[in-house]
Amino acid sequence: MTVSGSGPRPGAVEGAGSAVAPTGSAVRPGTDMFGAAAGGDTSGFGGLVRRAPLDASSPRPYGSWFDEAVDALVEGFPGFAEVVTRVVVDRGELTLHVRPDRVAELAQHLRDDADQRYEMLLGVSGVDYPSSAERFHVVYHLMSMTYRRRLRLETQVPLEHPHVASVTGVYPTADFHERETWDMFGVVFDGHPALTRILMPDDWDGHPQRKDYPLGGVPVEYKGAQIPPPDERRSYA
Amino acid sequence: MTIHDDTVTSTRATDPYAPPTPAGTRDTTEGKVYTVTGGDWDSVLGANLDEEHIVVNMGPQHPSTHGVLRLVMELEGESITSARTVIGYLHTGIEKNLEYRNWVQGVTFVTRMDYLSPIFNETGYSLAVEKLLGIEAPERAQVIRVLCMELNRISSHLVAFATGGLELGALTAMTNAFRERETILDVLEMITGLRMNHAFVRPGGVAQDLPPGAVEKIRDLLEVLPGLLGGIDDLLTGNPIWQSRTQGIAHLDVQGCLALGITGPVLRSAGLAWDLRKTDPYCGYEDYEFDVAVHTDADCWGRFLVRKQEMFESLKIIEQALDKLRPGPVMVEDTKIAWPAQLALGSDGMGQSLDHVKKIMGTSMEALIHHFKLVTEGFRVPPGQVYTAVESPRGELGFHAVSDGGTRPYRVHVRDPSFTNLQATAAMCEGGMLSDAIAAVASIDPVMGGVDR
């Protein structure tokens with residue numbers, strides 16, 4: 001049971017009120033902070049507008065060092081137009097959306113190019129957006145010690161063909177991180193030397209961090225009342 | 001299973017003093033493989049072992065592996081030819097659980113990951129949520145966070161010495177370091193109510209202001225801590241056994257560190273002064289004066305000296321933080337986000353202050369509604385994703401938080417420094433002696449709660 005429905009709400013902002021989330025987005029569009037769908041909200045807080053999902057590239061200029069860095073990348077990396085599908089700047093962070101089969105190629109350039117110098121890969125993590133066609137997003141957090149910058153690469157793959165090019169050849173540290181993403185989401189990293197489970201037992205079925213994998217749990221009795229397991233408790237969308 | 005069954009389990013089950021059954025053997029494409037489980041080495045000694053190749057499983061239940069870490073090592077004599085780590089024995093699904101609780105409740109989960117640096121987990125997570133919300137905690141809250149983090153850094157490094165010392169046979173280092181750590185935990189208990197798993201730092205600030213007497217107690221601690229830390233220093237630094245067990249052991253240079261994503265004391269022991277408190281300041285660290293501890297030996301000894309110096313630098317920061325404490329709120333004033341509780345000490349212990357209950361029940365309907373909504377639903381966080389990092393005692397502790405605009409995290413991924421640093425085990429151990437593998441793992445100082453999450 002949810003308090004507010006998933007459909008468009010009265011008073012939702014134009015363009016952000018569609019019930020179907022666009023590709024690659026889990027954003028539930030709407031207004032307000034507390035989910036009051038209608039009624040006499042006199043506090044003014046109900047007027048807070050949730051931002052529209054960032055599915056398109058951010059408009060230029062990006063601000064900060066982002067313009068300069070992206071320009072240098074466009075110039076230095078020949079395949080930029082076909083490899084990088086979107087450039088998103090949000091909350092002071094730069095994200096490049098990349099084609100899954102070309103991640104390693106771009107990572108190699110980002111590590112070695114004198115204008116980029118991302119010496120370190122901090123981690124790889126996955127996000128599951130079951131409502132979109134390419135549901136698994138793989139996110140790479142890069143850091144440049146030379147320029148003191150951080151950059152995020154994001155790529156997305158569908159359930160039917162969850163293959164991403166491994167970056168272990170460029171950043172050996174990706175070994176454990178890619179194994180974890182395989183373990184938790186079932187994303188296959190082509191070129192990884194030994195893609196085995198890392199946190200779950202070797203003979204485990206399923207990939208626990210997928211959204212359709214249940215959390216599990218049992219109801220607990222407390223002072224005579226039954227408390228349902230966490231994944232069956234009421235949630236507020 | 002009958003008594004006459006000839007398997008190991010049944011004989012041992014009925015008679016614990018029964019002689020062990022001979023080691024199992026099986027033929028493989030690479031020759032004969034013996035499975036020795038202890039007490040049955042005699043049966044292998046007679047065998048024709050031209051090519052002695054021993055695979056040793058150390059852990060997960062082993063006193064020298066720093067928690068439930070399993071090391072699989074191939075030995076030639078006493079030299080390690082290959083070392084692999086097996087993890088996951090402490091996997092508790094914290095990241096998955098976060099998706100079923102509201103944003104504030106997440107703090108109580110993340111604090112249990114790397115259980116030796118709970119304040120860092122809480123602060124890193126809170127900074128991520130605050131960045132998503134576009135808010136910043138008030139000044140006093142930031143100072144209290146820094147204060148608690150640095151206290152926590154000292155207590156965490158003390159455990160690194162304690163367990164590291166224990167593993168290398170320096171038992172006095174263990175007992176002394178745990179004893180000194182207790183003085184810090186006492187202070188943290190006074191401030192937060194708990195020795196560990198504090199859940200004290202919350203999105204928007206901290207749960208509660210410093211209790212009366214806390215500043216004096218920290219000042220008293222600052223009087224004695226240099227002496228206590230100096231005692232550990234005296235015990236280990238000049239100790240020839242400690243030196244010979246750590247100097248020149250488990251070498252990993254800067255290049256290796258960068259390739260393997262190593263951060264924290266291990267990276268700084270290789271000569272790179274990379275500390276997020278300086279290079280990417282948060283919580284107002286740019287206003288504190290302290291040095292980044294570095295060493296150039298790139299071995300266990302260097303890591304020991306880096307940790308040691310860091311503890312003394314933390315003392316400086318704590319002192320400055322106490323001077324920076326100004327009266328003020330410790331939680332954002334936005335009533336749509338700030339946790340509504342006003343705690344006070346009553347006759348039956350810490351609880352909701354009676355004045356606050358009187359106000360919300362008697363005079364302010366809005367306050368009551370807010371209290372109810374915040375506690376049952378939680379606040380909404382605008383959609384998007386952020387990555388924030390803090391310098392934990394073990395390196396960069398990063399939080400990748402994704403919000404879909406709801407009251408629960410859509411996904412939180414933790415980049416735990418122990419998880420990444422453990423990958424250096426192979427590079428540090430291979431080619432060395434078996435006994436040095438223990439020193440290598442101890443110098444990485446992994447905390448399995450953080451590794452497996």
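Start with chain A and trace it from the N terminus: the elements run α-α-β-β-α-β-β-β-β-α-β-β-β. That comes to four helices and nine strands. This is a predicted model. The predictor gives the complex an ipTM of 0.83 and a pTM of 0.84.

**Colour by confidence**

Chain A averages a pLDDT of 79, and 76% of its residues score at least 70. Select residues 1-25 of chain A: here the pLDDT is below 50, although the stretch has 49 contacts in the model beyond near neighbours in sequence. Now colour chain B. Its average pLDDT is 86, with 92% of the residues at 70 or above. Residues 1-10 of chain B fall below 50, and this stretch has eight contacts beyond near neighbours in sequence. Where pLDDT is low, the predicted coordinates should not be read in detail.

**Chain A: the surface**

Show the surface of chain A. The accessible area is about 11,100 Å², and carbon and sulfur atoms account for 55% of that. Of the 237 residues, 51% count as buried. Select A:Val218, A:Val220, A:Tyr222 and A:Ile227, which make a nonpolar surface patch of about 390 Å². Zoom in on A:Tyr222, in strand 8 (residues 220-222). A:Tyr222 counts as exposed because its relative accessibility is 53%, and the cut-off is over 50%.

**Chain A: a loop proline**

Go to A:Pro162, in the loop between strand 5 (149-157) and strand 6 (163-165). Is this proline buried or exposed? A:Pro162 is buried, with a relative accessible area of 11%. Beyond four places in sequence, A:Pro162 touches A:Val157, A:Gly186, A:Val187 and A:Val188. Now draw a distance to A:Asp175: the residues are 13 apart in sequence, and their C-alpha atoms lie 18 Å apart.

**Where the chains meet: B:Glu396**

Select B:Glu396, in strand 11 (residues 395-403) of chain B. Its relative accessibility is 0%, so B:Glu396 counts as buried. Which side chains does the side chain of B:Glu396 meet in polar contacts? One is that of A:Arg150, at 2.9 Å. Another is that of B:Tyr387, also at 2.9 Å. From chain A they include A:Leu122 and A:Met143. From chain B they include B:Thr263, B:Leu276, B:Arg415 and B:Asp416.

**Salt bridges**

The whole structure holds 38 salt bridges over all chains.

- Select A:Asp71 and A:Arg60: their side chains meet at 3.0 Å, N to O. A:Asp71 lies in helix 1 (residues 66-76) and A:Arg60 in the segment before helix 1, so the pair ties together parts 11 residues apart in sequence. A:Asp71 is partly exposed at 38% relative accessible area, and A:Arg60 is partly exposed at 43%.
- Select B:Glu95 and B:Arg453, which form a salt bridge at 2.7 Å, N to O. This pair links distant parts of chain B: B:Glu95 sits in helix 3 (residues 94-98) and B:Arg453 in the segment after helix 19 (448-452), 358 residues apart. B:Glu95 is buried at 4% relative accessibility; B:Arg453 is buried at 2%.
- Select B:Lys316 and B:Asp291, bridged at 3.8 Å, N to O. B:Lys316 lies in helix 13 (residues 300-324) and B:Asp291 in the loop between helix 12 (276-279) and helix 13, so the bridge ties together parts 25 residues apart in sequence. B:Lys316 is partly exposed at 38%, as is B:Asp291 at 45%.

Key:
Residues numbered from 1 in each chain as written. Chains lettered and ligands numbered in written order. Predicted model: local features only at pLDDT ≥ 70, side-chain atom pairs only at ≥ 80, totals over all residues. Heavy atoms only, no water. pLDDT = per-residue confidence, 0-100. Contact = heavy atoms within 4.5 Å. Helix = DSSP H or I, 4+ residues; strand = E, 2+ residues; numbered from the N terminus. Buried < 20%, exposed > 50% of the residue type's maximum accessible area, 1.4 Å probe, protein only. Areas by Shrake-Rupley, 256 points an atom, 1.4 Å probe, with all protein chains shown as cover. Patch = residues over 30% accessible without salt bridge, like charges linked within 9 Å, V, L, I, M, F, W, Y side chains within 5 Å. Salt bridge = Lys/Arg side-chain N within 4 Å of Asp/Glu carboxyl O. Polar contact = N/O pair within 3.5 Å; in protein donor to acceptor, adjacent residues only side chain to side chain.
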